[in-house]
Amino acid sequence: MIKLSRGFDIKLLGKPEQGFLDVGSPQLYALKPADVIGNGPIPKLHKAIGDKVLAGEPVFFDKNNPRIQFASPVSGEVVEVRRGAKRAIDAVVISADNSVEFHNHGALDIASCSREEAVELLLGSGAWTLLRQRPFNSLADPEVTPRDIFVSCFDTAPLAPDHNMLIEGKEAAFQAGLNVLAKLTSGSVHLGVGPGSGEVFTKAEGVKTTAFSGPHPAGNVGVQIHHIAPINKGDVVWTLKPQDVALIGKLFTDGVFDAERTMAVTGDELKRTGYVKTRIGASIKSIVADNLKHESVSCISGNALTGTKIAADGFFGLYDDQLTVLEKGDKAEFLGWLLPSYKRPSMSRTFLSFLRPNTEYHVNTSNHGEERAFVMSQQYEKVVPMDVFPQYLIKSILFSDFEQMEGLGIYEVVEEDLALCEFVCTSKQPIQQILRSGLDLVRLEG
Amino acid sequence: MKLFENLIGKVKPHFEEGGKLEKFYYGFDALETFLFVPGHESHGTHIKDGIDLKRTMFTVVIAMIPALLFGMWNVGHQHFLAIGEFTAMADGFMDKFMYGAIKVLPVVVVAYGVGLGIEFVIAIIQKHPVNEGFLVSGMLIPLIMPPTIPLWMVALATAFAVILGKEAFGGTGMNILNVALIARVFIFFAYPTYMSGDAVWVAGDASLFVDGFSGATPLGVAYLGGAEALAAVKVLNYDMMSMIIGTIPGSIGETSVIAVGIGALILLVSGVASWRIMISVVVGTLLAGTVFTLADISFFQGIPAYTHVIMGSMLFATVFMATDPVTAAQTNTGKFIYGFLIGIFGMIIRALNPAYPEGWMLAILLMNVFAPTIDHFVVQSNIKRRVSRAL
């Protein structure tokens with residue numbers, strides 16, 4: 001058991017209730033190339049508007065890496081290709097049929113198939129897009145054999161879903177998926193389990209299991225990698241989420257890309273929270289419709305720290321298993337820095353709320369102040385349970401010092417690992433954005 | 001509140017792009033954001049901690065209030081002691097406080113007025129928001145001045161500190177040396193007779209002082225004559241208790257161990273200042289003090305080491321100056337080394353220097369310069385650890 005002491009649990013109202021919500025199944029689904037960070041794909045469409053598509057049938061491929069296919073999560077019809085700046089594709093929208101019809105990729109015997117066969121199946125079926133590579137958190141490179149593969153089986157982020165709920169009903173597929181992953185790496189498949197992890201995780205076979213405890217970000221896979229087998233320069237490891245392991249398992253046993261994913265619906269601006277069984281890229285419209293307490297809200301695909309803001313009829317991200325709905329923080333506050341008009345979570349002991357550490361807070365998306373130069377020190381270190389000096393790393397990025405970035409461990413972190421730094425920052429510095437600019441720099445030049 | 005909101009809503013268009021007062025936007029912005037935390041939505045993380053720089057800086061200002069209030073009373077108390085009235089501590093409270101307030105408040109007003117004025121002008125010229133750093137510096141400067149300091153000198157020193165000590169380096173967060181200490185060191189070297197010696201620590205017309213009143217601080221007495229001399233002036237109440245309460249001559253805010261201690265408590269409980277630095281300065285001071293006393297090389301003959309902590313400006317400097325997050329070391333290990341060395345150097349300057357008995361100002365400025373070097377070695381050790389892990 002690895003006990004992490006540094007970090008901070010942001011306690012919010014609006015935790016997901018145990019149990020499934022009864023919401024209508026969404027009509028629209030979307031594939032968004034921008035969900036892939038780092039080496040985001042340049043999509044080349046297989047399908048045009050009006051074309052029929054089966055679940056698991058490729059919709060587009062990456063021009064830079066034509067082997068990587070992005071597959072439809074449902075069967076239906078391509079109804080829209082949304083374009084953004086410079087006519088780049090923002091989203092390919094698919095309208096679902098009443099029942100899901102799968103494209104058959106052909107099952108593959110996990111025990112006897114070769115690594116090449118396994119890779120081809122993953123690439124062609126779209127499941128490959130769920131594998132992410134560190135450093136950079138980008139799409140996994142099919143030409144590379146990763147040193148290890150890591151799966152975090154618990155989540156400590158604000159209002160995080162319970163992974164035991166998410167994996168419910170997919171236990172056998174999860175184990176099958178782990179067996180597939182073992183084929184892909186030259187090293188081990190590592191599971192990081194938390195205090196509440198169920199037996200599907202703790203008793204998984206053919207993997208190395210490491211128990212973690214501690215406040216957020218103990219559940220982040222990056223933190224777990226750092227403590228199990230840190231990423232040195234030149235190392236490549238892959239990560240994915242437990243539900244996607246199960247998806248891969250089902251692909252091999254049944255031959256279908258079944259994009260069903262259980263999502264946590266969270267946030268105290270919702271009348272009802274809980275879990276919904278839906279599919280990758282589903283529209284959140286049917287979930288938030290008639291479920292909002294107020295009109296002025298922010299919908300976030302993912303958690304409140306690292307998620308992506310989406311419209312009330314937007315779509316879940318490719319890697320997200322959580323929807324967070326919070327009050328919009330766009331109101332000015334009279335002398336808010338001195339006499340806050342409502343209680344808010346803070347790591348700072350200048351708020352007396354530190355005396356009651358178990359309080360859960362209503363929050364909004366206000367910045368609570370303006371950006372300033374770095375003044376405080378050792379704030380970030382308190383929330384990063386890694387042997388990394390975040391403030392020095394961020395500064396080395398700001399003056400583009402490659403050697404220093406590498407030396408200080410830029411390969412070991414991605415945005416989610418330093419997201420709490422951004423939350424606690426007195427100077428309101430955009431830490432995640434700065435880190436990504438540094439990662440892009442070393443990825444392109446290194 | 002609604003009133004302010006309407007007022008700001010009415011004048012804001014003039015300051016925005018295209019308005020006739022457009023170039024003063026950042027001056028207006030500073031006032032607006034002081035009154036209202038703007039309704040900006042968070043980018044990146046969708047939620048943010050309630051803390052911001054205004055609140056952080058204001059916490060430090062609050063921590064200095066006890067020292068300021070006590071300082072006001074004590075300026076009056078020392079004055080009345082000198083002229084031989086209300087010599088008992090409890091007597092004439094209001095007279096003493098009012099006398100002190102009249103001496104001290106103008107210094108505060110001048111320091112804030114000059115410093116903030118310069119910050120606003122520079123922010124408007126350079127088109128960036130006004131930073132909150134001077135909220136603290138503007139209060140620190142008066143507290144480390146002798147009560148007899150001429151106001152023009154405060155203005156000059158503040159201007160020097162803000163322009164050359166801070167803005168020349170890029171403003172709050174970028175300065176290498178502690179801004180308030182630059183103001184003090186400026187006067188110390190430019191106008192030494194106003195900043196040292198026996199005559200500057202008690203306000204009032206010296207011709208009215210009672211015969212035999214020297215105005216020397218306990219530190220000055222002990223420096224020249226050691227423990228015997230300090231014992232001899234006990235008639236003036238220079239005993240341990242008076243140093244702890246702070247009923248002794250000295251700079252405006254530095255005399256009371258209790259008042260500074262309350263400030264330290266506020267800073268430590270709120271977590272705004274580093275306990276690592278505070279503790280290690282005290283440890284360094286005690287260690288150096290003990291060594292110098294045992295080796296019998298100190299000017300402070302027979303003064304035990306712990307007395308150095310409560311005499312002079314040691315505690316004030318430790319709590320409010322050494323802990324300045326911008327100019328101190330920024331790594332945890334670095335903070336221990338930085339604080340410890342301040343203690344050592346402060347004592348070297350205090351106890352072994354034949355010219356003047358106070359060392360914290362120079363010790364802290366010296367370590368401000370070396371803080372990045374200390375951090376450099378701590379950071380390098382992290383880099384080396386990472387390299388050796390990969391082998």
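In helix 3 of chain B, the residues B:Thr59, B:Val60, B:Ile62, B:Ala63, B:Met64, B:Pro66, B:Ala67 and B:Phe70 meet B:Ala259, B:Val260, B:Ile262, B:Gly263, B:Ile266, B:Leu267 and B:Ser270 of helix 10 of chain B. By class, the residues of this contact comprise 12 nonpolar and three polar, with no charged residue among them. The model is a predicted one, and in it helix 3 (residues 53-82) and helix 10 (residues 257-270) of chain B pack with their axes 8 Å apart, at an angle of about 170°. Because angles over 145 degrees count as roughly antiparallel, helix 3 and helix 10 of chain B are described as roughly antiparallel to each other.

A further helix pair in chain B is formed by helix 5 (residues 134-143) and helix 7 (residues 179-190), whose axes come within 8 Å and cross at roughly 35°. The crossing in which helix 5 of chain B passes helix 7 of chain B is right-handed. Helix 5 of chain B contributes B:Ser137, B:Leu140 and B:Ile141 to the contact, while helix 7 of chain B contributes B:Val179, B:Ala180 and B:Ala183. Five of the residues in this contact of helix 5 with helix 7 of chain B are nonpolar and one is polar, and none is charged.

In chain A, an open sheet is formed by three strands in the order 3-5-6, with antiparallel pairing. Strand 3 (43-45) and strand 6 (65-71) of chain A are the edge strands, each of which pairs on one side only. On average, and with direction ignored, neighbouring strands of this sheet are turned by 35° against each other. Strand 3 of chain A is joined by three bridges to strand 5 (residues 58-62) of chain A, the two running antiparallel, and A:Leu45 stands opposite A:Phe60 of strand 5 of chain A.

The contact between the chains takes 61 residues from chain A and 48 residues from chain B. On the side of chain A that touches chain B, at least two residues are supplied by each of strand 17 (297-301), strand 20 (333-334), helix 8 (390-398), helix 10 (415-424) and helix 11 (431-445) of chain A, and the largest share, four residues, comes from helix 10 of chain A. This side of chain A has 26 nonpolar, 22 polar and 13 charged residues. Strand pairing also links the two chains, with strand 20 of chain A and strand 1 (residues 36-37) of chain B paired in the antiparallel sense over two bridges; the bridge partner of A:Phe334 in strand 1 of chain B is B:Phe36.

Notes. Residues numbered from 1 in each chain as written. Chains lettered and ligands numbered in written order. Predicted model: local features only at pLDDT ≥ 70, side-chain atom pairs only at ≥ 80, totals over all residues. Axes fitted to C-alpha atoms, helices over the stretch in contact; angles between N-to-C directions. Left-handed = near helix turned anticlockwise from the far one by under 90°. Contact = placed C-beta atoms within 7 Å. Nonpolar A, V, L, I, M, F, W, Y, C, P; charged D, E, K, R; others polar. Pairing = 2+ DSSP bridges. Parallel < 35°, antiparallel > 145°, perpendicular 65-115°, else oblique.
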